[in-house]
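Here is a short briefing for a first look at a protein model. Start with the sequence and the structure, then read on by topic.

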Amino acid sequence: MSTAILTGQPVPGSSIETDLRSLGFDVRIADGAADVGPLLAQVPGEQRVAVVDARFVGHPHALRLGLTDPRFPLAAVPGAVTAQPAARSVLTGAVDREYATTAPALDALDGSPAGAPGDHFVDRVVTALEAQGADVRRPELGSLVATVPDDPQTRNEARQAVAAVDDEAVRLKSAVKARDGFFTTFCISPYSRYIARWCARRGLTPNQVTTASLLTALIAAGSAATGTRAGFVAAGVLLIASFVLDCTDGQLARYSLQYSTLGAWLDATFDRAKEYAYYAGLALGAARGGDDVWALALGAMVLQTCRHVVDFSFNEANHDADANTSPTAALSDRLDSVGWTVWLRRMIVLPIGERWAMIAVLTALTTPRITFYALLIGCAFAATYTTAGRVLRSVTRKARRTDRAARALADLADSGPLVELLLRTARGTYRRSGVYAAAAGSVLVAGSALLWGAGWQTVLCALGYVLLSAAAVQRPLKGALDWLVPPLFRAAEYGTVLVLAAKADVNGVLPAAFGLVAAVAYHHYDTVYRIRGDAGAPPAWLVRAIGGHEGRTLLVTVLALALTASQFGVALTVLAVAVALVVLFESIRFWVSAHQGGAPAVHDEGEPA
């Protein structure tokens, strides 16, 4: 239970007490400004507290936005301010100082309480907080009303303004993500927002809807794995149903402001788990019909993951860069000012909505092989388009990257103990931008696997890849194109596993390779989500325990050389299980403990995935 302190008696006919109680607040009334501080002190320290002017007139959703959003320690709308436990002392101090400043004036008015005509005690407290440098969140209210009238006439005008705007319609509209893909915006969100409201009214949480979406996708994957036409049709329908629920969970979070650290992680992680599990289901279904498409399934996962890493790395490199402008970015902004180009550009990057719709329709109407061919072609075009645009932006802008950005890119690189050893023994020997060494190493190891397969030449080239990987991260990654280093490492590691597994040409090796890449990709996605949540990279012991990208790549080439093809498949399976167990254990431990420890809530709108 949260507590709201009303400064003064509510105006007759006001619904402020009812509105606050509907938002989960226990309402207490301060007769005067002198009573606010003592009432604040009585509220248990683990509770959210709000101070609200009793004359407040506005929409309930304006109060909800200002007083219940869990993402912000301090927030305010006109006439109301709230503090979470972490910021309670800051609010209490501002209240005490503001009362001490205005007490003589109040005494001159015979002790007129806060909330008397002309007195805006709550708003002065907010002004004092901001003057002291406190970060007070002021949500965008749009057409919603939130005001503190001083006289009956302005109060009546404010109430008429409230009546003129449909609070629930605004709330439903704001539940939809501001920037999304064409398919999601026009084919899903028009009705999924009502599903979100239905869930909210029945007390369902976003995490429950996220879990339902995962289960639906897993059932879809199981249906695809049957290999029958009926199974493929059911899989396509269920995949769309899973996506509807995937949209609903975010809309439910925005509708009811149920943001959480754990929820953001579950939503992001389950999206990848659903898609890649569906790839596996399609491959299993194709195998039942005598068609081996595991290489295509693994290739689709590799391409999609590398494409995501490009997005993550570019955004982190430019997150807080100075002078972050370029002619390419200016052209992009101009194109975004023309309606049809906005939607065209959003569609051709094949975001999750368009991608899943394409997969669902092709699954139902064609074969897994055709589905994967279309997916690979579409994703390859999207990856080329977005990467080329970002390269152009990078080479035409004069931005200074920060130490934070360099640290994030180094964490995304996922360098292991072999690179650490080389950096200690050969510091300062490589002086060029890291992207050149990363590109050379990636071409070297993946190309050798393609040319020689499981041979000693590939092992030697993998050793060269280790050396070049160390050279790539020897200096801070602040070059114009150094954001390409992590995706190049991902392409090298995943591509090497794919090629060596495909060349083994024995049943079971490619599924084992799929499992290994899935486990490692989860680790890389988990690293991204930690950095996005300002939680830092995974602990160093975890990266060392699973070998780093260079150690795993070298190990796979050695296993391919030393073992028979069937033994290689078993070794990949064991390695996949070992990596998955270690990574999942640490990831779940971290996110659950962060959630229980009261970590700041996260809700990243981000780009369409």
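The centres of domain 2 and domain 3, taken over C-alpha atoms, are separated by 25 Å. Their contact takes 21 residues from domain 2 and 21 residues from domain 3, where contact means heavy atoms within 4.5 Å. This is a predicted model: local features need pLDDT of at least 70, side-chain atom pairs count only at pLDDT 80 or more, and totals for chains, interfaces and linings use all residues. Residues are numbered from 1 along each chain as its sequence is written, and side-chain values use heavy atoms, with hydrogens and water left out.

**Domains**

- The domain assignment gives domain 1 (2–165), domain 2 (184–291 + 322–398) and domain 3 (408–608).
- Such bounds come from an automatic or database domain assignment.

**Nonpolar cores**

- A nonpolar core is a set of buried Ala, Val, Leu, Ile, Met, Phe, Trp, Tyr and Cys residues joined through side-chain atoms within 4.5 Å.
- Buried means under 20% relative accessible area, exposed means over 50%, and partly exposed lies in between (1.4 Å probe, protein chains only).
- In soluble globular proteins, nonpolar side chains tend to be buried together.
- The largest nonpolar core has 108 residues, of which Tyr279, Leu298, Phe372 and Phe568 touch the most other members.
- Helix 22 (residues 509–532) gives the most to this core, with 15 residues.
- Helices (H or I, at least four residues) and strands (E, at least two) are DSSP runs, numbered from the N terminus.
- Domain 2 and domain 3 each supply at least three residues to this core.
- Another core, of 24 residues, lies apart from it and includes Leu39, Val51, Leu74 and Val125.
- Not counting residues up to four places away in sequence, Leu298 touches Leu498, Leu510, Ala513, Phe514 and Val517.

**Helix packing**

- Two packed helices are described by the angle between their axes and the distance between the axes.
- Axes are lines fitted to C-alpha atoms, for helices over the stretch in contact, and angles run from 0 to 180 degrees between N-to-C directions.
- Helix 12 (residues 294–317) packs with helix 21 (residues 485–504) at an angle of about 170°, and their axes are 9 Å apart.
- The two helices, helix 12 and helix 21, are therefore roughly antiparallel to each other.
- Angles under 35 degrees count as roughly parallel, over 145 as roughly antiparallel, 65 to 115 as roughly perpendicular and the rest as oblique.
- On the helix 12 side, the contact includes Ala295, Leu298, Gly299 and Val302. On the helix 21 side, Arg490, Tyr494 and Leu498 are among them.
- The residues of this contact of helix 12 with helix 21 are eleven nonpolar, three polar and one charged.
- Ala, Val, Leu, Ile, Met, Phe, Trp, Tyr, Cys and Pro count as nonpolar, Asp, Glu, Lys and Arg as charged, and the others, Gly among them, as polar.
- Helix 18 (residues 417–425) and helix 24 (residues 548–562) have axes that come within 6 Å and cross at roughly 115°.
- Pro417, Leu418 and Val419 of helix 18 meet Gly548, Glu550, Gly551 and Leu554 of helix 24.
- By class, the contact of helix 18 with helix 24 has four nonpolar, two polar and one charged residues.

**Buried residues in helices**

- Gln251 sits in helix 10 (residues 229–256). Its relative accessibility is 2%, so Gln251 counts as buried.
- Leaving aside neighbours within four places in sequence, Gln251 is in contact with Ala175, Val176, Ser189, Ser192, Arg193 and Ala196.
- Ala470 belongs to helix 20 (residues 456–472). Ala470 counts as buried because its relative accessibility is 6%.
- Ala470 touches Val419, Leu422 and Leu423, not counting residues up to four places away in sequence.
- Ala576 lies in helix 25 (residues 565–596). At 8% relative accessibility, Ala576 counts as buried.
- Ala576 touches Ala512, Gly515, Leu516 and Ala519, again not counting residues up to four places away in sequence.

**Two loop aspartates**

- Asp414 is in the loop between helix 17 (403–413) and helix 18. Its phi is near 65°, a positive value in a residue other than glycine.
- Asp534 is in the loop between helix 22 and helix 23 (540–545). Its phi is near 55°, also a positive value in a residue other than glycine.
- Which of the two is buried, and which is exposed? Asp414 is buried, with a relative accessible area of 4%, whereas Asp534 is exposed at 66%.
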